[in-house]
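Subject: Structure handover

Hello,

Here is the structure for you to take over. My notes on it follow below.

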Amino acid sequence: MAAVMVRQLPELYRRCRSAGILLCALFLAGCASLQPYAEMPRVSLVSIKPQDMQMLEQRFMLELRIQNPNSVAIPVEGLSYALEINQREFAYGVSQQEVSIPPYGEALLQVEVVSNLLNVMRQLQQLAGTAGGHGLEYRLRGKIGVAGVRRALPFDFSGTLAGQDPEAPATAEGD
């Protein structure tokens with residue numbers, strides 16, 4: 001009996017090794033399929049418009065352009081984002097808007113951000129000290145919630161808010 005088991009041991013070892021290799025391959029393939037996006041989406045700021053100005057809290061409407069550089073659609077479930085102006089946090093927000101961005105396509109989303117009086121006053125102070133209306137540096141960063149994917153897709157975009165007529169809504173120029 002022991003002699004029979006000794007002869008079958010190398011065969012058993014080969015089968016276990018083959019099964020282990022197969023399981024590792026399936027595990028790696030499963031991990032790769034969790035993130036079908038080769039490149040992160042590009043989110044840029046199109047415009048900023050004042051919405052509701054209260055004493056301690058201000059709301060602005062942002063128009064964001066989301067571009068999908070991938071060969072598969074991105075089913076957006078929501079966004080979380082923050083806007084910095086001149087390297088200081090200016091406003092932040094979240095949105096539950098759902099949109100599907102087609103492969104190699106884009107979508108425009110209008111979302112709200114909230115700022116507080118202190119952030120607005122700091123920016124106005126800095127703007128008053130800036131001569132020539134060269135514009136303000138901004139940074140928009142956050143994450144995109146995608147249907148069926150646990151990990152959100154991060155984004156980080158910088159640009160310049162162009163100096164223009166104070167009566168006109170602010171627009172943005174990107175990288």
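A residue counts as buried under 20% relative accessible area, as exposed over 50%, and as partly exposed in between. Arg-59 has a relative accessibility of 26%, so it is partly exposed. Please keep in mind that this is a predicted model.

**Overall**

The protein chain has two helices and nine strands. Along the sequence they run α-β-β-β-β-β-β-α-β-β-β. The chain counts 175 residues, and 31% of them are buried.

Ser-115 sits in strand 6, which spans residues 106-116. Is Ser-115 buried or exposed? Its relative accessible area is 2%, and therefore Ser-115 is buried. A polar atom of the Ser-115 side chain lies 2.6 Å from the backbone oxygen of Phe-90. Leaving out residues up to four places away in sequence, Ser-115 touches Leu-56, Glu-57, Gln-58, Phe-60, Phe-90, Ala-91 and Val-120.

Two of those neighbours, Phe-60 and Phe-90, are worth a look together. The structure holds two aromatic pairs. Phe-60 and Phe-90 form one of them, a tilted pair with 5.3 Å centre to centre and 50° between the planes. This pair links distant parts of the chain. Phe-60 belongs to strand 2 and Phe-90 to strand 4 (residues 88-95), 30 residues apart. Phe-60 has a relative accessible area of 10%, so it is buried. Phe-90 is at 7% relative accessibility and therefore buried as well.

**Salt bridges**

How many salt bridges are there? The count comes to five.

Start with Arg-59, which bridges to Glu-57. The closest N and O atoms are 3.7 Å apart. Glu-57 is also one of the residues that Ser-115 touches. At 36% relative accessibility, Glu-57 is partly exposed.

Next come Glu-106 and Arg-65, whose side chains meet in a salt bridge at 2.7 Å, N to O. This pair links distant parts of the chain. Glu-106 is in strand 6 and Arg-65 in strand 2 (residues 57-67), 41 residues apart. Relative accessibility is 41% for Glu-106, so that residue is partly exposed. Arg-65 has a relative accessible area of 25% and is therefore partly exposed too.

Then there is Arg-139 with Asp-156. Their closest N and O atoms are 2.5 Å apart. Arg-139 is partly exposed, at 28% relative accessibility. Asp-156 is partly exposed, with a relative accessible area of 45%. Elsewhere, salt bridges with shared partners join Glu-57, Arg-59 and Glu-112 into one network.

**Strands 7 and 8**

In which sense do strand 7 and strand 8 pair? They are antiparallel, over nine bridges. Leu-140 has Phe-157 in strand 8 as its bridge partner. The hairpin of strand 7 and strand 8 has six residues between the strands. In that hairpin, Gly-148 takes a positive phi near 80°.

For reference, a pair of aromatic rings is described by the distance of the centres and the angle of the planes. Phe-60 is buried, at 10% relative accessible area. For Tyr-138 and Phe-157, the ring centres are 6.3 Å apart and the planes lie at 45°, so the pair is tilted. Tyr-138 is in strand 7 and Phe-157 in strand 8, 19 residues apart, and the pair links distant parts of the chain. Both residues, Tyr-138 and Phe-157, are buried.

Best wishes

Notes: Residues are numbered from 1 along each chain as its sequence is written. This is a predicted model: local features need pLDDT of at least 70, side-chain atom pairs count only at pLDDT 80 or more; totals for chains, interfaces and linings use all residues. Side-chain values use heavy atoms; hydrogens and water are left out. Helices (H or I, at least four residues) and strands (E, at least two) are DSSP runs, numbered from the N terminus. Buried means under 20% relative accessible area, exposed over 50%, partly exposed in between (1.4 Å probe, protein chains only). A polar contact is a pair of N or O atoms within 3.5 Å; within protein, one must be able to donate a hydrogen and the other to accept it, and residues adjacent in sequence count only if both atoms are side-chain atoms. Contact means heavy atoms within 4.5 Å. A salt bridge is a side-chain nitrogen of Lys or Arg within 4 Å of a carboxyl oxygen of Asp or Glu. Two strands pair if DSSP finds at least two bridges between them. Rings of Phe, Tyr and Trp (its six-membered ring) pair if their centres lie within 6.5 Å; planes under 30 degrees apart count as stacked, over 60 as edge-to-face and the rest as tilted.
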